[in-house]
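The points are grouped by topic.

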Amino acid sequence: MNVNHVTKALILGSLMSLPATAAELEISVTNLTHGNYFTPLLIAAHDMDSHLFQAGEMATPALQKMAEGGDIGDLDAAVTGAGGVTMANPAMGLLAPSAKVESIMLDSGEMTHLSITAMVLPTNDAFVGLDAWKIPTEAGTYTFTLNAYDAGTEANDEIINGGGAVGTPGIPAAPGGDGGMNATGVMDSSSNDKVHIHPGVLGDTDVNAGTSDLDSRIHRWLNPVARVTVVVK
Amino acid sequence: MNYPKLNFKYSATAIIAFAAISLAGCSDNDNDSPAPVQPPVVAPVMQDYSVMITNLTANQPMSPVAVVAQESGSRLWSTGMAASVALETLAESGDSSGLTGETGVNELFSGDGVLVPGATQSITMSLEQSSVADLSIVTMLVNTNDAFAGTTGFNLSTLAVDDATTLRVIAYDAGTEANSEEKGTIPGPADGGEGFNAVRDDNDKVHGHPGVISADDGLADSVLSASHRFDNPVMIIKITRTK
């Protein structure tokens, strides 16, 4: 009887230690910023060769659409079209400053890497990003932080004018209702057209004039801008 | 017929054994008996750690660093949640003493004086093995309204003797005081203004600090200048288990 129990335990143990071919993930995302919203998040599990973005590379049209206007549709379609799995818009809308969305369940299936993006609003083309994090095969809780990137596709003029479509200058909106108007515009002399770490916004303290429609007391940030926890089941 | 006899025999043995124990326990009735045996004193097994902290900022002195030994799973703050009054007090005035009253806090070790920019401070602590669990390290950036830096909930059991780990931590905003940077609102040497104030006039959620603006960068009423600005990480923490 005892031997039998031990054998059973050994068999069970060896089954449980087999490398996982599918991982059930429970994810939470916290917006660490003081006054910036995240547009609907895209959380994607994909193979090792896929990326939503890569620092130092040109943004894809799908990424540009997300970074300038918050539209994750094309990125989502690209991932699922390549056999990946996604969770689109887990916060069911905007993720407010200092807010957290949790208990996001994602079955990564055969997919080995995880990526996350959302536009940081109000900005011209800033986004929060995780690029192809290798999903651990060992069960556990993994916590890390994410930086804000500049898609490198639009000048950071800091004018709020409703411009969210690709190729349209300006910032779509300030969801907190704390944006200014009539800004003359910040001169963005950056020549970097690749995805890069965002330099942050300038802003000013004049809501009716000045160079920027952003408020330096509300809309500035330092990296990192998000904290992510992934529980690998 | 055998069973009652066996039972009796066992019972008799039990009674004799019990009597012997009882007699042994009555030694104080007998003047000639040896002194009562004291239970052996087991010295608690201690685990020693050193925590070295370096201030990476340009011009943000840090309040005496608080190193807090805690029960497993307890936290001094959680991003996205409101700060406790003890944390608010630390973040607005630099006074860490209130942290001892927080849930799950076993012991507070405090750094020796203000940690000036560029300086490194070492705090040693000795913990009973049975109480080794989580560690938090926290300090105020004193030339701000309510910025603090540190880490909470580091699991000490991950360190074997002579193991060390290095953390580079960010500045948080306690969310309890507006970042006005105005004269009279900042306790550090840049102002010499007010520390703790119970009024909460920011978003009341702990979040990543957006940085200070300063008068040099366009905030007209700020008492801060360009050198008070900071970027992450603001502090390096090296935790070593020495015993």
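The buried residues of α2(A) pack against α3, β6 and β7 (126-134) of chain A. Here a residue is buried if 20 or more other C-beta atoms lie within 10 Å of its own, exposed if 12 or fewer, and partly exposed in between, with C-beta atoms placed from the backbone. Helices (H or I, at least four residues) and strands (E, at least two) are DSSP runs, numbered from the N terminus. This is a predicted model, in which local features need pLDDT of at least 70 and side-chain atom pairs count only at pLDDT 80 or more, while totals for chains, interfaces and linings use all residues. Residues are numbered from 1 along each chain as its sequence is written, and chains are lettered from A and ligands numbered from 1 in the order in which they are written.

**Helix α2 of chain A**
- 7 of the 9 residues of α2(A) are buried, so the helix is largely enclosed by the rest of the structure.
- The buried residues are A:Ala62, A:Leu63, A:Gln64, A:Lys65, A:Met66, A:Ala67 and A:Glu68.
- Just after α2(A), A:Gly70 has a positive phi of about 85°.

**Helix α3 of chain A**
- In α3(A), residues 73-81, the buried residues are A:Leu75, A:Asp76 and A:Val79.
- These lie on the same side of α3(A), because they cover an arc of only 100° around the axis, the arc being that of the directions from the helix axis to the C-beta atoms.
- A:Ala77 and A:Gly81, on the other side of α3(A), are exposed.
- The partners of the buried residues of α3(A) are β3 (42-46), α2 (61-69), β4 (85-88) and β6 (113-121) of chain A.

**Chain A as a whole**
- Chain A has 3 helices and 10 strands.
- Of its 233 residues, 48% count as buried.
- Its C-alpha atoms fill a box of roughly 85 × 30 × 25 Å, taken along the principal axes.

**Nonpolar cores**
- A nonpolar core is a set of buried Ala, Val, Leu, Ile, Met, Phe, Trp, Tyr and Cys residues joined through C-beta atoms within 7 Å.
- The largest has 50 residues, of which A:Leu41, A:Leu63, A:Leu95, A:Val120, A:Phe127 and A:Val128 touch the most other members.
- β6(A) gives the largest share of this core, 6 residues.
- Apart from this core lies another, of 39 residues, including B:Leu90, B:Leu99, B:Val138 and B:Phe230.

**Chain B**
- In helix α2 of chain B, residues 85-93, the buried residues are B:Leu87, B:Glu88, B:Thr89, B:Leu90, B:Ala91 and B:Glu92.
- They pack against β5 (134-140) and β6 (147-155) of chain B.
- An open sheet of 6 strands has the order β3-β2-β5-β6-β8-β9 (chain B), with antiparallel pairing; two strands pair if DSSP finds at least two bridges between them.
- The edge strands, each pairing on one side only, are β3 (105-110) and β9 (207-208) of chain B.
- β6(B) and the antiparallel strand β8(B), residues 171-173, are joined by 3 bridges.

**Between the chains**
- 19 residues of chain B are in contact with 19 residues of chain A, contact meaning that the C-beta atoms of two residues, placed from the backbone, lie within 7 Å.
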